[in-house]
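Welcome! Have a look at the model below, and then we can walk through it together.

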Number of protein chains: 2
Amino acid sequence: MNDALSVFIEYLHQNSLKDTPQRRVILKHFLEGSEHYSAEEFYQYLREKGEEVGQATVYRTLKLLCSAGIAKEVNFGDGITRFEVGYGNEHHDHLICELCHENLEVLDEDIEALQQVLAARYGYTLTSHRLYLYGICPRCKSKASS
Amino acid sequence: MNDALSVFIEYLHQNSLKDTPQRRVILKHFLEGSEHYSAEEFYQYLREKGEEVGQATVYRTLKLLCSAGIAKEVNFGDGITRFEVGYGNEHHDHLICELCHENLEVLDEDIEALQQVLAARYGYTLTSHRLYLYGICPRCKSKASS
DNA sequence: CTTGTTGCAAAGGATTTGCACGGCT
DNA sequence: AGCCGTGCAAATCCTTTGCAACAAG
């Protein structure tokens, strides 16, 4: 289950980068922590956990994890870059409640397939995509009506 | 054809905001100018056109146009907020070339419909969505192979 | 030992805001 | 006249970077 750790170390070696305690700490908490942290939030989270890492190192390491394919940037449109685990995770889209900001990861094969078709219609070869669905979750709907 | 202008003025009146020359200038060039300006780019564009408006006013007015439903924010994931005309424009998604950054506005009814279905599966009521497709356009593909 | 890494603080880019002045209504 | 809008510059937010001390290979 420490697959991500070995992938990371492998990545570091292959790029003559160094395996440091900070990097391991960040990876560990990143895998354990809640989803969709921004760099700043994640830094705060580490401090609460009593870990001593500089903010710049957090930013730098999160980018590193992205290069290694362990993390992925996500972007909900509020101008803040968030990160999610991207290793051993299939692709998914985001379904976000506009009221409580609950964030579900969803997937629909038909939509995925149609995107390829749509891109092909314009001669494009699709490499990736981001789909954000905004709505009201069932809980907020019932709250709103009461 | 000056529909947007009347909508804007109407919006201003209804919210006891003022109809100023700057606001009209910004609206005019916004409607005429190229798509997907960032606030900064648009500000530069105005200066080149010889218009004298402050940068802060550009930022403020673009947000105002969004509230009035004339503009819409778009967000390609590079941390810069861009604006597109959102009045009298049907909804569309974005197909972006990763090499030349060409940006097509595309639409597929089947995908739109499936999104509703997908959201409903989780009990959500969809209010909006953003879909960004990233790929390589036909021109860049042929360039790359040569 | 050589090179990459860290942490701090300063720099940076994008956007917002405080304030005094000027212009709508 | 009163209130909103403007423009400037300063402030803010998020993120990156320079640099000197330090640690990994």
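A word on classes comes first: Ala, Val, Leu, Ile, Met, Phe, Trp, Tyr, Cys and Pro count as nonpolar, Asp, Glu, Lys and Arg as charged, and the others, Gly among them, as polar. Please keep in mind that this is a predicted model.

With those classes, the surface near DNA strand D divides into eight nonpolar, eight polar and eight charged residues. In total, 24 residues surround DNA strand D, and the closest are Ala56(A), Thr81(A), Gln22(B), Gly54(B) and Thr57(B). Two or more residues each come from α3 (39–48) and α4 (55–67) of chain A, and from α2 (21–32) and α4 (55–67) of chain B.

Now for the sheet that both chains build. Its six strands run in the order β5(A)-β4(A)-β6(A)-β6(B)-β4(B)-β5(B), forming an open sheet with mixed pairing. Because β5 (103–106) of chain A and β5 (103–106) of chain B each have a single partner strand, they stand at the edges with one side left without a neighbour in the sheet. On average, neighbouring strands are turned by 20° against each other, direction ignored.

| Strand pair | Bridges | One bridge partner pair |
|---|---|---|
| β4(A) (93–97) and β5(A) | four | Asp93(A) and Val106(A) |

Finally, the helices: α5 (109–121) of chain A lies across β6(A) together with β4, β5 and β6 of chain B, at about 125° to β6(A). Helix α5 (109–121) of chain B touches β4, β5 and β6 of chain A together with β6(B), and makes about 125° with β6(B).

Technical notes. Residues numbered from 1 in each chain as written. Chains lettered and ligands numbered in written order. Predicted model: local features only at pLDDT ≥ 70, side-chain atom pairs only at ≥ 80, totals over all residues. Near = placed C-beta within 6 Å. Pairing = 2+ DSSP bridges. Axes fitted to C-alpha atoms, helices over the stretch in contact; angles between N-to-C directions. Contact = placed C-beta atoms within 7 Å.
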